[in-house]
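Please keep the structure open as you read.

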Amino acid sequence: MEIPGFVFANLLAYNTKYVGDAAAHEAGHTLGLNHQSKYDASCAFLNEYNPGAGTGEISWGPIMGNSYSKNLSLWHNGSTNFGCSSLQSDLAVLASAANGFGYRTDDVGNTTAASASLPIVGQVLGTSGLINSTSDVDMFKIVVPEKGRLTLSAIPFNTANGYVAADIDLEVDLMLNAGTVLNHFNPSTSVQAVVDSILDPGTYYLKISNAANANISNYGMLGSYSVTGTFTSGA
């Protein structure tokens, strides 16, 4: 049996984020998900639609709750409208055998040995990727030809200024060829990660993954991102 879902864009003022959040929410219902609800520390019911938490770029709201006013719209593992102790792992339900599909195929290897090449062409480098599961890591290999400055930004897909409708809070590790972390980049109030380092010639790796922040764990932070940067030779 097929279950229909309806979203009326005109009732959401044709707002791109609102329409996207509503479409994901209603699709979630058709795939077996209930509402993510809010309870207090004593398990007293507060709100059928969990409103999430936080402000600014790293604010979050559960897709199966109310994510309209929060930046990060995420699948969640929490209490449903059936009770405080009725927990629902959205991802487990979505990827279950009952729905006939699982997670998208990983596009970039998780280790230095399985890394994807990120070449410097002229002074520019760039790529894109997908965090396809909560534990996914994307590893990229960069060969630096001479001493110089590497600057780049890893940015989650979004729909407006301020990274509106992002699905991932990103972090980046810049690693030496031996796998040792040279620098860690994860700004506490932004969902993007900005790398800025002076490097000697050699082989380096970028490890890109999702990251918990002050408002929420990294559960359900899945989605696409882009990487853009430059390399300038000289000390």
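Tyr14 is exposed, because its relative accessible area is 62%; here buried means under 20% relative accessible area, exposed over 50% and partly exposed in between, with a 1.4 Å probe and protein chains only. Tyr14 sits in the segment before helix 1, and its phi is near 55°, a positive value in a residue other than glycine. Helices (H or I, at least four residues) and strands (E, at least two) are DSSP runs, numbered from the N terminus.

Before going further, a word on the ground rules. This is a predicted model, in which local features need pLDDT of at least 70 and side-chain atom pairs count only at pLDDT 80 or more, while totals for chains, interfaces and linings use all residues. Residues are numbered from 1 along each chain as its sequence is written, and side-chain values use heavy atoms, with hydrogens and water left out.

Now step onto helix 1. At its start, a side-chain oxygen of Asn15 comes to within 3.0 Å of the backbone nitrogen of Lys17. The helix covers residues 16-30, and at 1.5 Å a residue its 15 residues should span 21 Å, which agrees with the 21 Å between its end C-alpha atoms; the expected span is 1.5 Å times one less than the number of residues. Which residues of helix 1 are buried? They are Lys17, Asp21, Ala22, His25 and Gly28. These residues cover an arc of only 125° around the axis, so they lie on the same side of helix 1; the arc is that of the directions from the helix axis to the C-beta atoms. The buried residues of helix 1 pack against strand 4, where contact means heavy atoms within 4.5 Å. After the helix comes Gly32, whose phi is positive, near 105°.

Rings of Phe, Tyr and Trp (its six-membered ring) pair if their centres lie within 6.5 Å; planes under 30 degrees apart count as stacked, over 60 as edge-to-face and the rest as tilted. A search of the whole structure finds three such pairs. One of them is the tilted pair of Tyr18 and Tyr68, at 5.1 Å centre to centre with 50° between the planes. This pair links distant parts of the chain, since Tyr18 is in helix 1 and Tyr68 is in the loop between strand 3 (60-62) and strand 4, 50 residues apart. Tyr18 counts as partly exposed at 32% relative accessibility, and Tyr68 counts as partly exposed at 33%. Another pair, Tyr39 and Phe45, is edge-to-face, with 5.6 Å centre to centre and 75° between the planes. Tyr39 is buried, with a relative accessible area of 14%, whereas Phe45 is partly exposed at 49%.

Finally, look inside. A nonpolar core is a set of buried Ala, Val, Leu, Ile, Met, Phe, Trp, Tyr and Cys residues joined through side-chain atoms within 4.5 Å. The largest one has 33 residues, and those with the most contacts inside it are Leu150, Leu174, Val195 and Leu206. Among the strands that each supply at least two residues of this core are strand 4 (72-74), strand 10 (148-156) and strand 15 (223-233). Leaving aside neighbours within four places in sequence, Leu150 has contacts that include Leu125, Ile142, Leu174, Val195 and Phe231. A second, separate core of eight residues includes Met64, Leu94, Tyr219 and Leu222.

Definitions and conventions. A polar contact is a pair of N or O atoms within 3.5 Å; within protein, one must be able to donate a hydrogen and the other to accept it, and residues adjacent in sequence count only if both atoms are side-chain atoms.
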